[in-house]
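Try each task before you read its solution.

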Amino acid sequence: MAGAVDGPTSGEGTATGSAATSLGTAEAGEMGDSRAARGNTVNGRIPDFFIVGHQKCGTTALYMMLQHHPQVYMPAEKEPRFFIPELRPQPVKGKMPKRPATLDAYLSLFSGARAGQRVGEASPQYLRYEGAAAAIAEVAPDARIIAILREPADFLRSFHGQMLHNRVETQKDFRKAMMLEEDRRRGERLPRGCRRQSWLLYSDHVRYVEQLRRFHDVFGPERVLVLIYEEYRRDNQRVVRDVLRFLDLDDSLAVEQVDTKPLKDVRVRRLHQLNGALQEARRNPAAANPALRTLDALLPATVRERFGSQWRRLIYRPRAEPSEDFTRELRVRFKPEVEAVSEYLGRDLVSLWGYDRIG
């Protein structure tokens, strides 16, 4: 089972300040005791739990499996990202975005939950954004948190691939992308139009202890479940049962395993960029470049369906094997963090992830 993964903005990726400030003065004032209390609100339900990440660690599959559990309600759209203010969408030409931009819109995502169901959402960016834990706690102080960690070198390689597919990254070579970090930290050598500077500072994502401590400090260790991606892959059903017990749900009900498709490598970046832009134009014509709308109109659905597989084979190729030398180089770099998170969690991730063989 694989996990389901835009000039620069100074300091992006750090939602600092109080949660009330990050929500906005008017919205913070709306909350009050009735918003913070567990249960129904005027516009929906307050979530009982949050899958906070990391990306590329099986969050999509977990979200889909929990969605199928009769005692769980999760919205149809994954990743609301509401508690990261800089990721909230803005209306385009008067049309409201699909992701919620206000507290009322966010709470309405859960209005369809039945009485007795646990309500949750999955936004795997929350784990790495500094202010997300405190912002979540303002709305849902008793929430339970699910985090997933993955061996760092493998995680970052997969995350880099996701950034390529999301058209945030343009450097196809993983090693070269990692070598650009310090330049990019200074705002240099970023992809044109990049609005996700912090996402391309790959090493910063492997601050596992710091990330977990933020949630532990706010919710307490007993309300934070830390899963390990490699164990999740090895025994999917057991780990999902652990999650159900953590949520006080019936773990005897069968939950069908979900396998998400692994990403392929991008073979031709410019065609990948064009392909993504055409898909966006199809989803949101009002915000699209007129030339893209015209091009999309010239490619009717029958043509796209007929030649789609050949088009994809031209743009993408099967995932290449990782470089053993560079993988070892990254593991040497990240061994202190692996040792630190092992001590912090009281779990031997050093051996589990093979870092005991790294000098």
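Two strands pair if DSSP finds at least two bridges between them; helices (H or I, at least four residues) and strands (E, at least two) are DSSP runs numbered from the N terminus. The model is predicted, so to speak of local features a pLDDT of at least 70 is needed, side-chain atom pairs count only at pLDDT 80 or more, and totals for chains, interfaces and linings use all residues. Residues are numbered from 1 along each chain as its sequence is written, and side-chain values use heavy atoms, with hydrogens and water left out.

**Exercise 1. Find the strand order of the open sheet of five strands, then its edges.**

Step 1: The order reads β2-β3-β1-β4-β5, with parallel pairing.

Step 2: β2 (72-73) and β5 (224-228) each have a single partner strand, so one side of each is left without a neighbour in the sheet.

Step 3: Look at β1 (residues 49-53) and β3 (residues 118-122), which pair in the parallel sense over three bridges. Here Phe50 stands opposite Glu121 in β3.

**Exercise 2. Describe the ring pair of Phe82 and Tyr106.**

Step 1: A pair of aromatic rings is described by the distance of the centres and the angle of the planes. Rings of Phe, Tyr and Trp (its six-membered ring) pair if their centres lie within 6.5 Å; planes under 30 degrees apart count as stacked, over 60 as edge-to-face and the rest as tilted. The count comes to twelve aromatic pairs.

Step 2: For Phe82 and Tyr106 the centres are 4.9 Å apart and the planes at 15°, so this pair is stacked.

Step 3: Phe82 lies in the loop between β2 and α4 (103-108) and Tyr106 in helix α4, so the pair ties together parts 24 residues apart in sequence.

Step 4: Phe82 has 0% relative accessibility and counts as buried (under 20% relative accessible area; exposed is over 50%, partly exposed in between, with a 1.4 Å probe and protein chains only). Tyr106 is buried as well, at 0%.

Step 5: Ring pairs link Phe82 and Tyr106 into a cluster with Phe50, Phe83, Phe110 and Tyr126.

**Exercise 3. Classify the ring pair of Phe174 and Phe326.**

Step 1: Their centres are 5.4 Å apart and their planes at 75°, so the pair is edge-to-face.

Step 2: Phe174 is in helix α7 and Phe326 in helix α15, 152 residues apart.

Step 3: Phe174 is buried at 12% relative accessibility, and Phe326 is buried at 5%.
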